[in-house]
Amino acid sequence: MNYAVGIDIGGTNTRVALINEAYEVLQREQFATDPLHPAITFQRIADTIAAFGHTVKGIGVSCPGPLDLVHGVVLTPPNLPGWHHLPLTKELSTVCQVPVILENDANLACLAEAAIGAGKGYSHVQFLTISTGIGTGLAIDKQLFHGARGFAQEIANCIFWKDGPSQGDLKKGSIESISSGTAITKRAQEAGLTVAHAGEVNDLAKQGNVAAMQIMEDAKEYLANLMSTFYAVLDPDIFVLSGSVALKIEGFIEEMEARVKEKVYDALKDNVKVVKAQLDEDCGLIGAAYLVFHA
C-alpha cells in the first residue's frame, strides 16, 4: 500500500494527514502555523510525518495565496507575513526528504470532487466554493486546468457590479464582495441588521426583512451570472458547489441551478447540472493525496 501526506497550511492552523490509495484519512494532526517563521512550521510538519510511521510517496500542500504554482512559490499571503516569496516546495522537500507539490485549496477540493466525489464519472467538472471567500477550480479528465501562469480560475476579483460593494483588497463590484458569506454578513451589518453569518441573513430574508431580502437577492443573482458565464465559456458537464453558504442554506443549490438555467441559451438549459459537493472538510487533503498519487 502506498501512502501520501496531505497538508493544509492556514493562516491560523496547519493540518497534516496520512492518506492511503483508497483515499482514507488514516491519521491526522493539527497545530498552530507560525506566521513569521515558516522553518518552524516545516520542522513540525516533518516531525508529524515521521511520527506517522509510514514511508510516503510525496506531499501535497494547500497554502493561502496568491501562489506561483508553476515554481512552487508562496507569494504574498496577508496572514503569513513571514512567508512572502517563499519557495515552499523546495524548502519543505529539503526538510522532509520527499517530493512536494503546491496547489491552492479550491483546486484541491475540485480535484477530489472530480476524482472520487460528486463529479466522478464526468469529464469536465467545474467546482465552486462559497464560504468566507469564493474559490473555483476546473478539472478536465481529472487534471487541473492552471492556465499559462497558474492563475486560472482566480475569480474572486471578477467585476460584475459597477460601483458595487468591496472588501479588503478586492475591487468594487467583485463577486467575492457580493456573494461570499463574509460579504453577505458585512452588507447586512452595514444595513443595521444584527447577524453573525450569512445563514442568519437568509433567515431574516425568509421572514420578510426587506434589507436582508435585497442582500440575498444580490448574492444569488450575481453568482448566477458568474455560473452562467462559466457555462458559456467552458461548457462543463457538471457544476459542483461547496462551502458553508451553498451547503447550509436550505434550497440554495437547487435555486442556483434554476437561476442559471434562465440565463443560458434556451437550447442549453438541459446542459445545466448543479449539484452538492459530496466530500466533507477533508476534501482538500484528499485532493492533495490524489495529486501525489497521480503526479
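## Helix α6 against helix α7

Helix axes are lines fitted to C-alpha atoms over the stretch in contact, and the angles between them run from 0 to 180 degrees between N-to-C directions. In this predicted model, helix α6 (residues 198-206) packs on α7 at an angle of about 120°, and the two axes are 8 Å apart. The two helices are therefore oblique to each other, since angles of 65 to 115 degrees count as roughly perpendicular and those over 145 as roughly antiparallel. The crossing of α6 and α7 is left-handed.

On the α6 side, the contact is made by A198, V201, N202, L204 and A205, which meet A212, M213, I215, M216 and K220 of α7. By class, the residues of this contact comprise eight nonpolar, one polar and one charged.

## Helix α7 against helix α9

Helix α7 (residues 210-234) also packs with helix α9 (residues 252-261), here at an angle of about 60° and with the axes 9 Å apart. This angle makes α7 oblique to α9. The crossing of α7 and α9 is right-handed.

From α7, the residues E217, K220, E221, L223, A224, M227, S228 and Y231 take part, and they meet F252, E255, M256, R259 and V260 in α9. This contact has seven nonpolar, one polar and five charged residues. K220 of α7 is listed in the contact with α6 and also in the contact with α9.

## The five-stranded sheet

Five strands form an open sheet of mixed pairing, in the order β3-β2-β1-β4-β7. The edges are taken by β3 (25-32) and β7 (100-103); each has a single partner strand, so one side of each is left without a neighbour in the sheet. From one strand to the next, the twist averages 20°.

Strands β1 and β2 run antiparallel and are joined by seven bridges, with A17 of β2 as the bridge partner of G6. They form a hairpin with three residues between the strands. Strands β2 and β3 are likewise antiparallel, joined by seven bridges, and A32 in β3 is the bridge partner of N13. Four residues lie between the strands of the β2 and β3 hairpin, in which Y23 takes a positive phi near 60°.

Strand β1 (residues 3-9) runs parallel to strand β4 (residues 59-62), to which it is joined by four bridges. In this pair, D8 has S62 of β4 as its bridge partner.

## Cover over the sheet

Seven of the eight residues of β2 are buried, so this strand is largely enclosed by the rest of the structure. Helix α10 (residues 283-293) lies across β1, β2 (13-20), β4 and β7, and runs at about 135° to β1.

## Strand β8 and its partners

Strand β8 (residues 124-130) is mostly covered, with six of its seven residues buried. Seven bridges pair β8 with strand β9 (residues 134-140) in the antiparallel sense, and I134 in β9 is the bridge partner of I130. Three residues lie between β8 and β9 in the hairpin that they form.

Strand β8 also pairs with strand β11 (residues 238-242), in this case running parallel and joined by five bridges. The bridge partner of L128 in β11 is L241.

Notes:
Residues numbered from 1 in each chain as written. Predicted model: local features only at pLDDT ≥ 70, side-chain atom pairs only at ≥ 80, totals over all residues. Heavy atoms only, no water. Parallel < 35°, antiparallel > 145°, perpendicular 65-115°, else oblique. Left-handed = near helix turned anticlockwise from the far one by under 90°. Contact = heavy atoms within 4.5 Å. Nonpolar A, V, L, I, M, F, W, Y, C, P; charged D, E, K, R; others polar. Pairing = 2+ DSSP bridges. Buried < 20%, exposed > 50% of the residue type's maximum accessible area, 1.4 Å probe, protein only.
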